[in-house]
Amino acid sequence: MASPSPTTPSPSACAGLRRALLHEGRSGFPIEPSPFQALVRRHGGSPRELLLHCQALQAEGAVAGLRPRWRPGLASAAVRLLAHGPGPLAQPPAGLRALPGAMAWAVVEGPPAGPAAGWQPPLGWVDLAAIDAAAAQQQAEAVQCLAPALAWAAWSSAPAGTDAAATGCRCGRGEGPCQARALAAACERGLPMLAHPYRAVGRGLGISEREVVQALRRWRTSGQLAGVGFAEPVPDGPVLEWHAAYTSAALEPALRDAIAGHASVGRLVTAPVSAGAAPAGLAALAQLVAPGSATPTRLAEQLAQAGLGRGLLGVMQVRCTRLRQEPMLFAPVEPAAAGA
């Protein structure tokens, strides 16, 4: 039997190369006219070999394409839209996934467990993220158009007392992505896994490869762009979560800080203080970090034992479907989604 050619990489070498490519992470892809030549300098092989490995990773679902990664915090507006009305609901409203800032769809399962017997939780909610408050509002209105039979209540995750001006775009002045939205949106949709991805994006916009590369480098230098890299795939199917529901007592700074800082709480989202939530009404939702064997009843007891029982309505079991890993901050809302 003929021995393998010396130029043919072994399976272990191929596996090592693919691990190295994945290790480039979410922001290590070269921003150069010939990015695979730069990857050759890092990892060896040939440009074609590296390109084929990257294409295979995408085809297998190990990565979800090649996209920009904006700096953390560039999305300055986050909204949770709580749904009330006839139910139950199982699927996201048709068209929700098309909204560029739609991050997750959650469905509340069964009655909550806890001290407030008979309390009626929302049917579920939609989490949105956007570049600024105006974009978040536009998408929130689009969600209401997609499911007009439901009553929607909008909560902002901005801390109480945040200046309204702080929810504006954080790109800064100058030549940031807000000043080149078409280019930023085209990159968010995904750079093609080709030998010259930046050239392909520029061709679609009528600009040169050099202009695309210079813009991305400028955004990276200014800190608006963390880099370009392989996007993480979105998990298949819903994930089980637990959320503790609180009355307006949780809006008081001392209790709010205690809940948000507790080890069992992964995220706290509150209703706007200006909404004047009634004492018996839902005003805060705390996502709990708990094992898969947890039960709402046991979690409610643990919160009470930890001194976090004041204002607790109950603990809900929730099925959360992730719609995307990161929001598309610069893509326009399609007229169909906006109900136009």
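**Salt bridges and a sheet**

Colleague: Does Glu60 count as buried or exposed?
Modeller: At 53% relative accessibility, Glu60 counts as exposed (over 50%; buried is under 20%, partly exposed in between, with a 1.4 Å probe and protein chains only). This is a predicted model, in which local features need pLDDT of at least 70 and side-chain atom pairs 80 or more, while totals for chains, interfaces and linings use all residues. Residues are numbered from 1 along each chain as its sequence is written, and side-chain values use heavy atoms, without hydrogens and water.

Colleague: And which side chain does Glu60 meet in a salt bridge?
Modeller: The partner is Arg18, with 2.6 Å from N to O (a salt bridge is a side-chain nitrogen of Lys or Arg within 4 Å of a carboxyl oxygen of Asp or Glu). Because Arg18 sits in helix H1 (residues 11–23) and Glu60 in helix H3 (residues 47–60), the pair ties together parts that are 42 residues apart in sequence (helices are DSSP runs of H or I, at least four residues, and strands runs of E, at least two, numbered from the N terminus). Arg18 itself is partly exposed, at a relative accessible area of 22%.

Colleague: How many salt bridges does the structure hold?
Modeller: The structure holds 9, and one of them joins Glu109 to Arg319, whose closest N and O atoms are 3.1 Å apart. Here distant parts of the chain are linked, since Glu109 belongs to strand E3 (residues 102–113) and Arg319 to strand E10 (residues 312–322), 210 residues apart. Glu109 is partly exposed at 30% relative accessibility, and Arg319 is partly exposed at 31%.

Colleague: What about Arg298 and Glu301, how far along helix H9 are they separated?
Modeller: They are 3 residues apart in helix H9 (residues 296–305), which means a separation of about one helical turn, and their side chains meet in a salt bridge of 3.2 Å, N to O. Arg298 is partly exposed at 37%, and Glu301 is partly exposed at 39%. Elsewhere, salt bridges that share partners join Arg80, Asp127 and Arg267 into one network.

Colleague: Changing topic, in what order do the strands of the open sheet run?
Modeller: The 8 strands are ordered E5-E2-E4-E3-E10-E7-E9-E8, with antiparallel pairing (two strands pair if DSSP finds at least two bridges between them). Strand E5 (151–156) and strand E8 (265–270) stand at the edges with a single partner strand each, so one side of each has no neighbour in the sheet.

Colleague: How many bridges pair E8 with strand E9?
Modeller: E8 and E9 (residues 284–288) pair over 5 bridges, in the antiparallel sense, and Leu285 in E9 is the bridge partner of Val269.
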